[in-house]
Amino acid sequence: MKNETEIETELELAQWLKDNCYPMNSYSINGNFIYEGCGIENNGGLYQWYYTERGEKTTLEYFPTEKDAVKYALKQIKADEHANRNGIGIFKEKEEVERIISELNKREVEYWTDRIPYGGINDWRTRIFVIGCGIKKVTDLIQNGEKTA
């Protein structure tokens, strides 16, 4: 595995993200498809760091080389506190949330939660995210068997 300072290509960055268990659903690195998020694109030899949402792509920065674009992308991704959060489920029942959190604590897995109005203001749900490669320790806890890493 390459050290962060050795990463110079999109392929190397994509591998580093995978090795460090970053979900790739918000970043398009080396051509993977995303619905919303940021990515790198080579447009006629000029590299772009862009944001896309609902099919609309906005270029945020331009770079003369792949290496420059990759260094910038890595810095942006690492600065995003949400980038390495792997979702394991959305839960309605407080008891289920407590059971999952208890299990995460037993396994010494770092996690993050929030509460969102799911079906309206009177229908709150708790989302549970596992940080980084902790996802490898909890595949049995992922709701609906969907794996995010």
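Biologist: Why does C133 count as partly exposed?

Modeller: This is a predicted model, and in it C133 has a relative accessibility of 30%. Buried means under 20% and exposed over 50%, so C133, at 30%, counts as partly exposed.

Biologist: What makes C21 buried?

Modeller: C21 has a relative accessible area of 3%, and because buried means under 20%, C21 is buried. C38, at 16% relative accessibility, also counts as buried.

Biologist: How do you know that a disulfide joins C21 to C133?

Modeller: The distance from S to S is 2.1 Å, and a disulfide is a pair of cysteine sulfur atoms within 2.5 Å, so the pair qualifies. This pair links distant parts of the chain, with C21 in the loop between α1 and β1 and C133 in the segment after β7 (124-131), 112 residues apart. The structure holds one disulfide.

Biologist: Why is the disulfide of C21 and C133 called right-handed?

Modeller: The torsion about its S-S bond is about 95 degrees, so the disulfide is right-handed.

Biologist: How do you know that the length of helix α2 agrees with its number of residues?

Modeller: Helix α2 (residues 66-79) has 14 residues, which at 1.5 Å a residue should span 20 Å, and its end C-alpha atoms are 20 Å apart, so the two agree. Its buried residues include A69, V70, A73, L74 and I77. Seen down the axis of α2, the buried residues fall within an arc of 135 degrees, so they line one face of the helix. The face turned away from that buried side carries the exposed residues K75 and A79, while what covers the buried residues includes α1 (10-19) and the strands β1 (27-28), β2 (37-43), β3 (46-53) and β4 (56-63).

Biologist: What makes the buried residues of α3 line one face of the helix?

Modeller: In α3, V97, I100, I101 and L104 are buried, and seen down the axis the buried residues of α3 fall within an arc of 95 degrees, so they line one face. These residues pack against β5 (85-91), β6 and β7, whereas E95 and K106 are exposed on the other side of α3.

Biologist: Why are R107 and D140 said to form a salt bridge?

Modeller: Their closest N and O atoms are 2.7 Å apart, and a salt bridge needs a side-chain nitrogen of Lys or Arg within 4 Å of a carboxyl oxygen of Asp or Glu, so the pair meets the cut-off. R107 lies in the loop between α3 and β6 and D140 in the segment after β7, 33 residues apart, and the pair thus links distant parts of the chain. D140 is exposed, with a relative accessible area of 52%.

Biologist: Which residues are linked with R107 and D140 in a network of salt bridges?

Modeller: E103 and K106 are linked with R107 and D140 in that network. The side chains of R107 and E103 meet at 2.9 Å, N to O, and E103 forms a salt bridge with K106, the closest N and O atoms being 3.7 Å apart. E103 and K106 both lie in helix α3, three residues apart, about one turn of the helix.

Methods. Residues numbered from 1 in each chain as written. Predicted model: local features only at pLDDT ≥ 70, side-chain atom pairs only at ≥ 80, totals over all residues. Heavy atoms only, no water. Helix = DSSP H or I, 4+ residues; strand = E, 2+ residues; numbered from the N terminus. Expected span 1.5 Å × (residues − 1). Buried < 20%, exposed > 50% of the residue type's maximum accessible area, 1.4 Å probe, protein only. Arc of directions from axis to C-beta. Contact = heavy atoms within 4.5 Å.
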